[in-house]
Amino acid sequence: MVLLRTERLLLREFMDDDWPAFHAVESLPEVARYQSFEPRTEDESRAYIQRAVAGAAEEPRATYDLAVVLAAERRLIGRCGLGLASPAFEAMLWYTLHPAYWGQGYTTEAARALVGFGFRQLGLHRVWADCDPANPGSWRVLEKLGLRREGHLRENVWMDGAWTDSYIYAVLDREWS
Ligand SMILES: CC(C)(COP(=O)(O)OP(=O)(O)OC[C@H]1O[C@@H](n2cnc3c(N)ncnc32)[C@H](O)[C@@H]1OP(=O)(O)O)[C@@H](O)C(=O)NCCC(=O)NCCS
């Protein structure tokens, strides 16, 4: 079980009864806009949480998908995750936050803790992420964390009826401080 504390947040494992708070975030069109999923239905949110709970129990564990909780209010406001490659030298980073909390540094704070955990506790060599160039809030988070833009893939994603580009960002263990 993983539990990470930051100045303002807790990153903890999902629990079955997190699904309504998760759904309040992931059913919003502005949250799904640059992502590979449509706004989730209640059934999809329930199924997501069930998968996250099951994934946390897998051995070896391939996914660290954690609830981001505002510590002062014990309120679930998003998620932040690492998906490990096999063999587990590398992981993909992702994050999603309720719009009411955007622009306050919460995602950078959460992702910094999780990437640090990945390098220190999981012994990762490399953490990477992709994002839509039209989503500057996302790639700003990556740049604030110290990930470097390694690539710009042209029209590699079909989203909302159009081909979309991707930025690829990464950081290596020896670059992480
Ligand atoms: C992307 C997302 C996670 C950012 O979360 P956040 O908590 O607002 O991020 P932070 O506050 O830590 O940092 C955001 C940075 O982007 C900047 N930013 C946000 N929107 C921006 C915009 N439209 N143009 C330029 N910069 C922007 C902010 O100013 C901030 O940078 P700063 O600290 O230098 O001022 C959040 O917007 C979100 O959940 N979006 C929907 C889901 C999503 O797109 N996830 C990523 C998929 S790749």
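Helix H5 gives the most to the shell around the ligand, with five residues. Before going further, please note that this is a predicted model, in which local features need pLDDT of at least 70, side-chain atom pairs count only at pLDDT 80 or more, and totals for chains, interfaces and linings use all residues. Residues are numbered from 1 along each chain as its sequence is written.

The ligand is surrounded by 20 residues, where near means a C-beta atom, placed from the backbone, within 6 Å. The closest are Trp102, Thr107, Thr108, Gly137 and Arg140. By type, the shell holds nine nonpolar residues, ten polar and one charged; Asp, Glu, Lys and Arg count as charged, Ala, Val, Leu, Ile, Met, Phe, Trp, Tyr, Cys and Pro as nonpolar, and the others, Gly among them, as polar. The elements below each supply at least two shell residues; helices (H or I, at least four residues) and strands (E, at least two) are DSSP runs, numbered from the N terminus.

| Element | Residues |
|---|---|
| Strand E5 | 90-97 |
| Helix H4 | 106-120 |
| Helix H5 | 136-145 |

Now to helix H1 (residues 19-26), whose buried residues are Trp19, Phe22, His23, Val25 and Glu26. They lie on the same side of H1, because they cover an arc of only 160° around the axis, taken from the directions from the helix axis to the C-beta atoms. Buried means 20 or more other C-beta atoms within 10 Å, exposed 12 or fewer, and partly exposed in between.

Threonine 164, found in strand E8 (residues 162-172), counts as partly exposed because it has 16 C-beta neighbours inside 10 Å.
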